[in-house]
Number of protein chains: 2
Amino acid sequence: MKKSLADRIEQYIKVLIARSEENQIIIQRLELAETFCCVPSQVTYVIGTRFTEKTGYSTESRRGGKGYIRISMMDDEEISSDLSKRELIVFIDKLLAAKLLSKNEEELIKNIILHSSQNMSSDQRIQLYNSIRFALDDFIR
Amino acid sequence: MKKSLADRIEQYIKVLIARSEENQIIIQRLELAETFCCVPSQVTYVIGTRFTEKTGYSTESRRGGKGYIRISMMDDEEISSDLSKRELIVFIDKLLAAKLLSKNEEELIKNIILHSSQNMSSDQRIQLYNSIRFALDDFIR
DNA sequence: TCTTCCTTTGACTTTGTTTGACTTTTATAT
DNA sequence: ATATAAAAGTCAAACAAAGTCAAAGGAAGA
């Protein structure tokens with residue numbers, strides 16, 4: 001199956017990260033773009049769609065001379081899991097405030113979140129929260 | 001009895017799957033349509049009528065450039081997670097019928113169930129369904 | 001024949017990717 | 001300090017798929 005450019009760049013970056021010591025790499029956007037014979041913003045696109053907090057990565061960059069982009073796998077998953085949980089709860093509270101969810105619905109979901117958190121690995125939790133978040137987005141639309 | 005186009009496409013896909021390593025194939029809708037000299041949505045129709053969860057297949061696709069459709073035969077784990085999903089849905093329907101859940105609540109939860117199926121392993125799914133089940137028990141009490 | 005269900009088709013929608021022109025930030029040389 | 005050059009960021013347009021939906025067609029049974 002033919003992979004898209006974005007997919008190939010994604011894979012490439014992931015291999016680099018896997019090979020790295022600290023689960024993080026520092027690249028130069030232009031350099032990577034040249035490796036793949038594409039425009040630099042393609043790299044930005046890949047990072048923006050595939051290396052997000054949602055997918056367990058964090059990035060940091062600097063412009064100008066000696067600029068760079070650092071991509072790291074979030075290591076303390078526990079923290080990020082709690083983070084996305086807090087975010088999700090905040091989000092649900094907002095929905096409640098905006099009357100997009102009833103009090104009952106809000107309680108129901110929080111109940112699910114609470115119960116689900118029990119027996120899941122942090123990894124699973126992140127995915128669950130994302131799914132619920134997604135489902136809510138979908139639901140209120 | 002003359003075979004319909006849909007039947008022939010179905011056969012074709014099944015042969016491809018049978019020949020594949022992982023009991024799954026990745027196709028491009030347009031390509032397959034061209035192979036059979038038909039409109040792309042014909043392929044969608046075949047997949048929608050012959051390669052469903054009920055018949056033991058799961059599918060996944062991506063639009064846009066280099067898009068694809070993946071069709072896989074569900075393994076035992078997937079089948080059982082699908083089964084627990086059905087059971088859960090039956091349960092939710094009962095709650096709705098018993099007026100223990102509102103229509104909105106029912107939809108919301110089904111939404112979560114639906115979305116969660118997307119990015120989780122069947123293992124995770126079963127856990128999630130159990131959690132939802134617990135949360136519901138708790139909620140209606 | 002009539003009805004019903006399945007199939008076929010195509011116009012339109014949505015989603016995801018690629019590209020490039022333009023902007024902003026930063027280090028370095030003057 | 002200032003100017004310059006070397007990065008990365010932004011954004012929207014063009015393109016490339018797959019999805020949706022409803023209408024039209026066709027076959028098989030009552």
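**Close-up 1. Cover over helix 3 of chain B.** The buried residues of helix 3 of chain B are covered by elements that include helix 1 (5-19), strand 1 (24-27), helix 2 (29-35), strand 2 (57-62) and strand 3 (68-73) of chain B. The buried residues of this helix (residues 40-50) are B:Val43, B:Val46, B:Ile47 and B:Arg50. They span an arc of only 95° around the axis, so they sit on the same side of helix 3 of chain B. The arc is taken over the directions from the helix axis to the C-beta atoms. Buried means under 20% relative accessible area, exposed over 50%, and partly exposed in between (1.4 Å probe, protein chains only). Helices (H or I, at least four residues) and strands (E, at least two) are DSSP runs, numbered from the N terminus.

This is a predicted model: local features need pLDDT of at least 70, side-chain atom pairs count only at pLDDT 80 or more, and totals for chains, interfaces and linings use all residues. Residues are numbered from 1 along each chain as its sequence is written, chains are lettered from A and ligands numbered from 1 in the order in which they are written, and side-chain values use heavy atoms, with hydrogens and water left out.

Close-up 2. Of the 27 residues around DNA strand D, the nearest are A:Arg29, A:Ser61, A:Arg63, B:Arg29 and B:Arg63. Sugar and phosphate make up 65% of the atoms of DNA strand D that come within 4 Å of the protein. A residue is near a strand if one of its heavy atoms lies within 4 Å of it. By class, this surface near DNA strand D has six nonpolar, 14 polar and seven charged residues. Ala, Val, Leu, Ile, Met, Phe, Trp, Tyr, Cys and Pro count as nonpolar, Asp, Glu, Lys and Arg as charged, and the others, Gly among them, as polar.

**Close-up 3. Atom pairs between chain A and DNA strand D.** A polar side-chain atom of A:Gln28 lies 3.4 Å from a phosphate oxygen of DNA strand D. An N or O atom in the side chain of A:Arg63 is 2.9 Å from a sugar or linking oxygen of DNA strand D.

**Close-up 4. Protein surface near DNA strand C.** Of the 25 residues around DNA strand C, A:Ser41, A:Tyr45, B:Leu5, B:Tyr45 and B:Arg63 come nearest. Sugar and phosphate account for 62% of the DNA strand C atoms within 4 Å of the protein. Helix 1 and helix 3 of chain A, together with helix 1 and helix 3 of chain B, each supply at least two residues of this surface. A polar side-chain atom of A:Arg63 lies 3.0 Å from a base oxygen of DNA strand C.

**Close-up 5. Surroundings of B:Asn23.** B:Asn23 lies in the loop between helix 1 and strand 1 of chain B. B:Asn23 is partly exposed, with a relative accessible area of 34%. Beyond its neighbours within four places in sequence, B:Asn23 contacts B:Ile17, B:Ile71, B:Ser72 and B:Met73 (heavy atoms within 4.5 Å).

**Close-up 6. Cysteines without disulfides.** The structure holds zero disulfides over all chains (pairs of cysteine sulfur atoms within 2.5 Å). For A:Cys38, the nearest cysteine sulfur is that of A:Cys37, 7.8 Å away. A:Cys38 is buried, with a relative accessible area of 17%. For B:Cys38, the nearest cysteine sulfur is that of B:Cys37, 7.8 Å away. B:Cys38 is buried, with a relative accessible area of 16%.

Note on methods: Polar contact = N/O pair within 3.5 Å; in protein donor to acceptor, adjacent residues only side chain to side chain.
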